[in-house]
Amino acid sequence: RRSSDLGKEFGMKVKLALTFNILIVICELLSFAFATDGFHGMSLTGLQYFTIDSNLFSMFTSLIFVIAIFREIRLKSLSKIPTWVHVLRYTATVCMALTFVVVFVILLPMDLQSGHGFGIILRMDQFFHHMLCPIFMMVSFIFFEGGSIFKPSIIAISMTPMMIYATVTMVLNIERVMVGPYPFLYVYQQPPMISVLWCVLIFVLTLILSIVLGLLQSKRMKKK
């Protein structure tokens, strides 16, 4: 199945979508290069962080999106970007939006309160992972990318990475295989009800972000 919304003509929006996605791939590569431990995000240790997972996922979806566009250019028909590519982009954008909101609403205030300052958003790799790349993802998806994909089944798909991450890390924390790495995963350092409330909060937040991003992109598509 394919969607035909993106490339009815190789216009400015398509060029900007291509530019943003190339920038995302470059910025993601730079972010891992600038990381304190080098390319630690590529290791199993780094994968315990949703930030690393969401940024890797976003980098690969952006790369796929760029390849899809160049493929259509080669075929001289930029009119049929596969729907599954748009679904991947939507899902990755939801993940990055969740990273962005959690950092600014939860983690940054905690760091400031504990005296750690703004390192979580100003340190080079953190700046890319927590702020610049999420903003690029949201701007590109909402304003420049196509695909009429906003529907309940796709919303559920967009929440799948968060659900998988939460389930796996929660089980590993309960089994004492890992601790954290986020405050809401400290199942043995806080009352059980607090952990439950954290899970509900993250689920609701992801759902809201998915709906808002989908609505914004859908409204923009209808104005074309």
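Predicted model: local features only at pLDDT ≥ 70, side-chain atom pairs only at ≥ 80, totals over all residues.
Asp-125 pairs with Arg-123 in a salt bridge whose closest N and O atoms are 2.9 Å apart. Around that pair sits a chain of 224 residues, 49% of which count as buried. The points below go from the salt bridges to the overall fold, the cores and the surface.

**Salt bridges**

- A search of the whole structure turns up two salt bridges.
- Arg-89 forms a salt bridge with Glu-145, and here the closest N and O atoms are 2.8 Å apart.
- That pair ties together distant parts of the chain, since Arg-89 belongs to helix H3 and Glu-145 to the loop between H5 and H6, 56 residues apart.
- Arg-89 and Glu-145 are both buried.

**A buried arginine without a partner**

- Arg-220 is part of helix H7.
- Arg-220 is buried but has no salt bridge, and the nearest side chain of opposite charge, Glu-145, lies 7.3 Å away.
- Glu-145 is also the residue that forms a salt bridge with Arg-89.
- Leaving out residues up to four places away in sequence, Arg-220 touches Lys-13, Phe-141, Ile-142, Phe-143, Phe-144, Glu-145 and Gly-146.

**Overall fold**

- The chain is built from seven helices and two strands.
- Read from the N terminus on, the order of elements is β-α-α-β-α-α-α-α-α.
- Among contacts with a separation of 6 or more, 75% join residues 24 or more positions apart.
- The accessible surface of the chain is about 11300 Å², and carbon and sulfur atoms hold 73% of it.

**Nonpolar cores**

- The largest nonpolar core has 33 residues, and the members touching the most other members are Tyr-90, Val-102 and Leu-213.
- Five helices each supply at least two residues of this core: H3 (83–113), H4 (119–122), H5 (124–144), H6 (152–174) and H7 (192–222).
- H3 provides the largest share of this core, with 11 residues.
- A second, separate core holds 19 residues, including Phe-20, Cys-27, Ile-69 and Phe-128.

**Around Tyr-90**

- Not counting residues up to four places away in sequence, Tyr-90 touches Phe-141, Ile-149, Phe-150, Ile-154, Ile-155, Ser-158, Ser-210, Ile-211, Leu-213 and Gly-214.
- Gly-214 has its place in helix H7, and it counts as buried because its relative accessibility is 2%.
- Gly-214 and Tyr-90 are 124 residues apart in sequence, yet their C-alpha atoms are 7.7 Å apart in space.
- With residues up to four places away in sequence left out, Gly-214 touches Tyr-90 and Phe-150.
- Ile-142, in helix H5, counts as buried because its relative accessibility is 10%.
- Between Ile-142 and Tyr-90 there are 9.3 Å from C-alpha to C-alpha, and the two are 52 residues apart in sequence.
- Apart from its neighbours within four places in sequence, Ile-142 is in contact with Leu-213, Leu-216, Gln-217 and Arg-220.

**Nonpolar residues at the surface**

- Here is a general point to keep in mind: in soluble globular proteins, nonpolar side chains tend to be buried together.
- In this model, Met-163, Met-193, Ile-194, Val-196, Leu-197, Val-200, Phe-203, Val-204, Ile-208, Val-212 and Leu-216 form a nonpolar patch on the surface, and together they have about 920 Å² of accessible area.
- Helix H7 gives the most to the patch, with 10 residues.
- Met-163, a member of the patch, is found in helix H6 and counts as partly exposed because its relative accessibility is 38%.
- Ile-67 lies in helix H2, which covers residues 50–74.
- Ile-67 is exposed because its relative accessible area is 51%, and the cut-off for exposed is over 50%.
- Ile-67 and Leu-18 are 49 residues apart in sequence and 9.6 Å apart in space, C-alpha to C-alpha.

Conventions
Residues numbered from 1 in each chain as written. Heavy atoms only, no water. Core = buried A, V, L, I, M, F, W, Y, C linked by side-chain atoms within 4.5 Å. Buried < 20%, exposed > 50% of the residue type's maximum accessible area, 1.4 Å probe, protein only. Helix = DSSP H or I, 4+ residues; strand = E, 2+ residues; numbered from the N terminus. Contact = heavy atoms within 4.5 Å. Lys, Arg positive; Asp, Glu negative; His and termini not counted. Salt bridge = Lys/Arg side-chain N within 4 Å of Asp/Glu carboxyl O. Patch = residues over 30% accessible without salt bridge, like charges linked within 9 Å, V, L, I, M, F, W, Y side chains within 5 Å. Areas by Shrake-Rupley, 256 points an atom, 1.4 Å probe, with all protein chains shown as cover.
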